[in-house]
Amino acid sequence: MGRRPRGIRTWTAVAMAAVIALSGGTASAATPVPVTAGPLVCQGPVIRCVQDARRTLEGIRDRLGCDHRAPFPAIYIHLERSLETAVAHGEPFDEPSWLAGSLNTGFVNLYLDAYEADRAGRPVPAAWHAAFAAARTADVNAGQDVLLGANAHIQRDMPYVLAALGLTRPGGGTRKPDYDRFQAVLDRAYGPAVQDVADRYDLLVALADDRWNPIAGLTGRELFRSWRAQAWEHARQLVDAPDQAARDRVARGIETNAARWARLLSAVRLPGYRTVRDDYCRMHTGRGLAPTRP
């Protein structure tokens, strides 16, 4: 995996995905425009692709310091580490070049696109806007920051990546079994990721899910499983849509669903908790807050 040469767009399929405009925080259909594909290109051994993604995320986490956007890339790093281990140990995927290569790279790139667009002050999809806005201004806990980022990335970004790459293998047969097998990689990353966020950013996250998770009755792990299932279904609807109008309707549903979840996830606030988190992070990491839009 290397840096993309300027002017080259290898992710042509993603570049054709519909972009959804923001209008007062409401998702609405927009004219399709080219979508940048982030700085990562998967070339060479798959494990190097995963390692490059991990290092890129580590750079973002470290630059952000105690900024409330940092918990999401922090957990993402643990996912990449878990995937790296799975690839190194020969996890029995049918198509590792797709799962750990093309899909993982494309998925990370959509997060990088949203992060860089927000950093530059450009519009981002509604679910990402809610996640970044909460991180900047809201009295939410670090677990909520993680869930807001995961919601935007899984429920909003994932269907487009899946649909762009295709849900069936070149020789025929669904890619769903590999997609489902990847859940084991996520499950192995979950515990260490939560503990890392607790150690670095917010002690509250070390407590039971029902103490920091605003969605009563569902753990963070269960939410991720549910969102991934929904993402595959939305991708299937995109692929099966008979024409552009039908694809636009599916895209509006994707954007609206993720935006509604974002509103729900950010609704619970604890006045003054930002200061508590900031003090805790500085004490446990020795890092301060990153500048606005670092």
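User: Axes are lines fitted to C-alpha atoms, for helices over the stretch in contact, and angles run from 0 to 180 degrees between N-to-C directions. On that basis, at what angle do the axes of α7 and α9 cross?

Analyst: At roughly 160 degrees: the axes of α7 (residues 176-200) and α9 (residues 220-240) come within 11 Å. That makes α7 roughly antiparallel to α9, a term for angles over 145 degrees. This is a predicted model, in which local features need pLDDT of at least 70, side-chain atom pairs count only at pLDDT 80 or more, and totals for chains, interfaces and linings use all residues. Residues are numbered from 1 along each chain as its sequence is written, and side-chain values use heavy atoms, leaving out hydrogens and water.

User: Is the crossing of α7 and α9 left-handed or right-handed?

Analyst: The crossing is right-handed, the near helix being turned clockwise from the far one by less than a right angle.

User: Which residues of α7 and α9 meet?

Analyst: From α7, K176, Y179, F182, Q183, L186, D187 and Y190 meet G220, R221, F224, R225, R228, A231 and W232 of α9; contact means heavy atoms within 4.5 Å. By class, there are 7 nonpolar, 2 polar and 5 charged residues. Ala, Val, Leu, Ile, Met, Phe, Trp, Tyr, Cys and Pro count as nonpolar, Asp, Glu, Lys and Arg as charged, and the others, Gly among them, as polar.

User: Changing topic, how many residues has the largest nonpolar core?

Analyst: It has 71 residues, and those with the most contacts inside it are Y76, Y111, W128, L162, F224 and W227. Such a core is a set of buried Ala, Val, Leu, Ile, Met, Phe, Trp, Tyr and Cys residues joined through side-chain atoms within 4.5 Å. The largest share, 12 residues, comes from α4.

User: What does Y76 touch?

Analyst: Y76 touches L57, F107, V108, Y111 and H153, not counting residues up to four places away in sequence. A second, separate core of 5 residues includes Y160, L238, V250 and I254.

User: And H234, buried or exposed?

Analyst: H234, in helix α9, is buried, with a relative accessible area of 9%. Buried means under 20% relative accessible area, exposed over 50%, and partly exposed in between (1.4 Å probe, protein chains only). H234 touches P159, V250, I254 and N257, not counting residues up to four places away in sequence.

User: How many helices and strands are in the protein chain?

Analyst: The chain has 11 helices and 4 strands, taken as DSSP runs numbered from the N terminus (helices: H or I, at least four residues; strands: E, at least two). Of its 294 residues, 53% count as buried.

Definitions and conventions:
Parallel < 35°, antiparallel > 145°, perpendicular 65-115°, else oblique.
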